[in-house]
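Reader: I have a structure open and would like to talk it through. Can you take my questions one at a time?

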Amino acid sequence: MRRPGSILILTGAGISAESGVDTFRDKGGIWSQVKLEDVATPEGFSRDPAMVHAFYNARRAGLAAIEPNAAHHALAKLERVHDGAVTLVTQNIDDLHERAGSRNIVHMHGELTKAFCATCGAHLLADGDLSADLVCSACGHAGGMRPDVVWFGEIPYHMDDIYKRLLAADLFVSIGTSGAVYPAAGFVAEARAAGIRTLELNLEPSDGTPLFDEARHGKASVLVPAFATEILAGI
Ligand code: OAD
């Protein structure tokens with residue numbers, strides 16, 4: 001692939017699937033195990049904070065048992081070696097990109113390894129379980145701590161910064177996402193409208209496939225290293 005200067009890469013649950021993380025909408029995915037309304041909405045959290053904390057506590061604890069896979073490592077190498085900017089915008093709340101060595105990451109749906117205090121607005125590191133009665137280490141108030149994740153009905157993080165970086169890119173790549181959730185699902189149309197080349201790497205055709213200039217289908221652990229090699233070789 002002709003060497004682009006600046007690359008913006010969007011990742012979704014599919015890039016972590018081969019590390020053992022469940023995706024959301026595939027067969028047996030998270031939304032077939034639990035109700036989205038219960039664990040991924042502010043209303044669900046108000047109804048039953050203990051249950052929502054338990055769901056995210058289990059996912060946070062699960063991070064210790066998983067490792068980045070070849071796709072995460074390939075993106076970290078691309079960022080390190082490519083002579084233009086490589087921005088990673090992820091919908092994932094796991095920390096596998098960081099652990100693979102990527103540094104230029106925007107977590108638009110938040111991070112499992114952080115807590116958010118609804119009382120004072122602090123984003124704090126969270127390496128253990130959160131609970132409804134936890135005291136915020138920034139403001140000292142109890143009862144306002146929640147997982148630092150974006151729920152349905154809330155605005156994803158860093159959107160102004162993401163659109164600025166997207167529109168400055170020469171290439172937009174979408175990896176392992178079904179294209180079912182906005183605003184991320186709309187990035188391909190925004191990129192195309194701005195004349196930016198677009199590429200999809202996904203296990204199977206996604207909702208957005210027809211909008212991409214090019215789509216390659218297969219496992220992220222195979223497609224992503226091949227893509228990174230192509231870019232670095234200027235093929
Ligand atoms: P989805 O579960 O909707 O989509 C995962 C995509 O990954 C599917 O298109 C799969 O085909 C693909 N996939 C699965 N295994 C793969 C593999 N080994 N290699 C490559 N692709 C693979 O997950 P997301 O698109 O990330 O938001 O979901 C977007 C958002 O919806 C999530 O961030 C979450 C969810 O509800 C919130 O909770 C706010």
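Author: What follows covers the model, the ligand site, the overall fold and a few residues.

Reader: Before that, what kind of model is this?

Author: This is a predicted model, where local features need pLDDT of at least 70, side-chain atom pairs count only at pLDDT 80 or more, and totals for chains, interfaces and linings use all residues. Residues are numbered from 1 along each chain as its sequence is written, and side-chain values use heavy atoms, with hydrogens and water left out.

Reader: Fine. Which residues come nearest to the ligand?

Author: Ala-13, Phe-24, Arg-25, Thr-177 and Ser-178, out of 24 residues around the ligand. A residue counts as near if one of its heavy atoms lies within 4 Å.

Reader: And which backbone atoms lie by the ligand oxygens?

Author: A backbone N or O atom of Ala-13 is 2.8 Å from a ligand oxygen, and one of Phe-24 is 2.7 Å from a ligand oxygen. From a side chain, an N or O atom of Trp-31 lies 3.0 Å from an oxygen of the ligand.

Reader: How much of the ligand does the protein bury?

Author: The protein buries 95% of the 800 Å² that the ligand exposes when taken alone. Those areas come from the Shrake-Rupley method with a 1.4 Å probe.

Reader: Why is the ligand said to lie between the domains?

Author: Because domain 1 (1-20 + 68-109 + 156-235) and domain 2 (22-65 + 111-149) both give residues to the shell around it. The domain bounds come from an automatic or database domain assignment.

Reader: Switching to the whole chain: how many helices and strands?

Author: The protein chain has 10 helices and 9 strands. These are DSSP runs, with helices (H or I) of at least four residues and strands (E) of at least two, numbered from the N terminus.

Reader: What share of the residues is buried?

Author: Buried residues are 49% of the 235 in the protein chain. Buried means under 20% relative accessible area, with a 1.4 Å probe and protein chains only.

Reader: Is Arg-216 buried or exposed?

Author: Arg-216 is buried, at a relative accessible area of 18%. Arg-216 sits in strand S9 (residues 214-217), and its side chain makes a polar contact with the side chain of Glu-214 at 2.8 Å. Such a contact is a pair of N or O atoms within 3.5 Å; within protein, one must be able to donate a hydrogen and the other to accept it, and residues adjacent in sequence count only if both atoms are side-chain atoms.

Reader: Last one: where is Val-52 found?

Author: Val-52 is in helix H5 (residues 49-62) and is buried, with a relative accessible area of 0%.

Methods:
Buried < 20%, exposed > 50% of the residue type's maximum accessible area, 1.4 Å probe, protein only.
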